[in-house]
Amino acid sequence: METLALILAGGRGSRLDILSEKRSKPAVPFGGKFRIIDFALSNCTNSGIFQIGILTQYLPLSLNEHIGVGKPWDLDRRDSFVTLLQPNNSWYEGTADAIRKNIEFVKRYASKYVLILSGDHIYKMDYSKIIEQHKKTGADLTIAAKIVPIEEASRFGVLETDDSLRIKKFVEKPKQPKSNKASMGIYVFSTDALIEAIESHPDINDLDFGMHIIPEMIDTKKVYAYEFYDYWKDVGTYDSYVEANLELCHDVALDLYDPNWKIYTRTEDLPPVKVGAHASISTSLISNGCRIEGDVEESVLSPGVVVGKGTKIKHSIILNDVVIGENCIIEDTIIDKETVIGDNSKIGYGDDFTPNKDNPKVLSSGLNVIGKKLILPEGLEIERNVRIFSSMNHKEIKVSHLKSGETLK
């Protein structure tokens, strides 16, 4: 076996707080019918990599059910596999620690190369190209890198390279970055080099690639960058999640309709989309099983969504099997699965952009986020930056008006 892929999929995604309340970040629905992890998995199979380990941790049930035996990604064949790797004795404490706790899995398959991926980014990449560069340079480690705006570089591990793309310096999330060449969290290791790097730090509990492994290998090994110029997005915040979803409604570099590079997913057998006589749909993604009697503008509707007569939806992400009543106005809102919105509701309006009082860091741009399996009453009015958690003691919400910045949990 030439390449073993390991997908780090145990992240909680705390900035997606309500969306990751019941599931891990890689299992969060995206783009209508997909999950975030579908992009890394599909990239693997499209790149000819069919031996995959998925390192899960936080609330793995939804992710495990979604992946199953890997059939949608052609991973249930005799010469392929997908293995779900859950921590045994203790939690993963760093990205490299997660690999360390599964190092026997790596040794068992004895591949020439190990491809390490994050399970929570949206992009399409042919991994065979980065592996080919890795071979040509004789590298011990190759890191995929993307040019980002310099004002955003402090969010990433930042690389400095010479003309041959050999990495001379790596700093994890620098306060004042000197480069805008950012690590994408995609690594190709020669297997022996990976095992050596991991096992040389038995005394560091929170062993991390960005903080420990990469800086040390730059000094002692051959470490190169692989430059990537196509679409790539980390959807780790509400704002970036909505932005990436709505970008799919327009012509962006991420082409979901390319027959030569499909994004595969586990799907349900649902009937076709039904559009009523007075409905209107523009610049939107509408998934199978939806029934639309109202107006939908620049929004993403997941499978099985029902939109009542006279209802207007704009700039919103509506997840699976949500039922929205008649004569509602829904703007700038994320609604999680199986929630029911009563008739004559008004969600997302007004000029008051007071940040969410409980957690202003996650919600301040005017979005509302409503959890799953809730029942919202008729005539409910919700202004902006409101969070309603699915862990409510009473799934049926009794209030009639929520002002900007409020939280129900």
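These exercises work through a predicted model.

**Exercise 1.** Find which strands form the open sheet, and which of them are its edge strands.

*Solution.* Start with the order of the six strands: 14-17-20-23-26-29. Their pairing is parallel. Next, look for strands that pair on one side only: these are strand 14 (274–275) and strand 29 (375–376). Now step inside the sheet. Strand 23 (residues 323–324) is joined to strand 26 (residues 340–341) by two bridges. Take Ile324: its bridge partner in strand 26 is Ile341.

**Exercise 2.** List the buried residues of helix 6 (residues 191–199) and name elements that cover them.

*Solution.* The buried residues are Thr191, Ala193, Leu194, Ile195, Ala197 and Ile198. Their cover includes helix 3 (95–100), helix 4 (103–109), strand 6 (113–118), strand 11 (181–190) and helix 7 (209–220).

**Exercise 3.** Determine what the salt bridge between Glu199 and Lys107 ties together.

*Solution.* The two side chains meet at 2.6 Å, N to O. Place each residue: Glu199 lies in helix 6 and Lys107 in helix 4, so the pair ties together parts 92 residues apart in sequence. Glu199 is partly exposed, at 43% relative accessible area. Lys107 is also partly exposed, at 34%.

**Exercise 4.** Work out how Asp97 and Arg100 are placed in helix 3, and whether Asp97 is buried or exposed.

*Solution.* The side chains of Asp97 and Arg100 form a salt bridge of 2.8 Å, N to O. Both residues sit in helix 3, three residues apart, so about one helical turn separates them. Buried means under 20% relative accessible area. Asp97 has 1%, so Asp97 is buried.

Notes:
Residues are numbered from 1 along each chain as its sequence is written. This is a predicted model: local features need pLDDT of at least 70, side-chain atom pairs count only at pLDDT 80 or more; totals for chains, interfaces and linings use all residues. Side-chain values use heavy atoms; hydrogens and water are left out. Two strands pair if DSSP finds at least two bridges between them. Helices (H or I, at least four residues) and strands (E, at least two) are DSSP runs, numbered from the N terminus. Buried means under 20% relative accessible area, exposed over 50%, partly exposed in between (1.4 Å probe, protein chains only). Contact means heavy atoms within 4.5 Å. A salt bridge is a side-chain nitrogen of Lys or Arg within 4 Å of a carboxyl oxygen of Asp or Glu.
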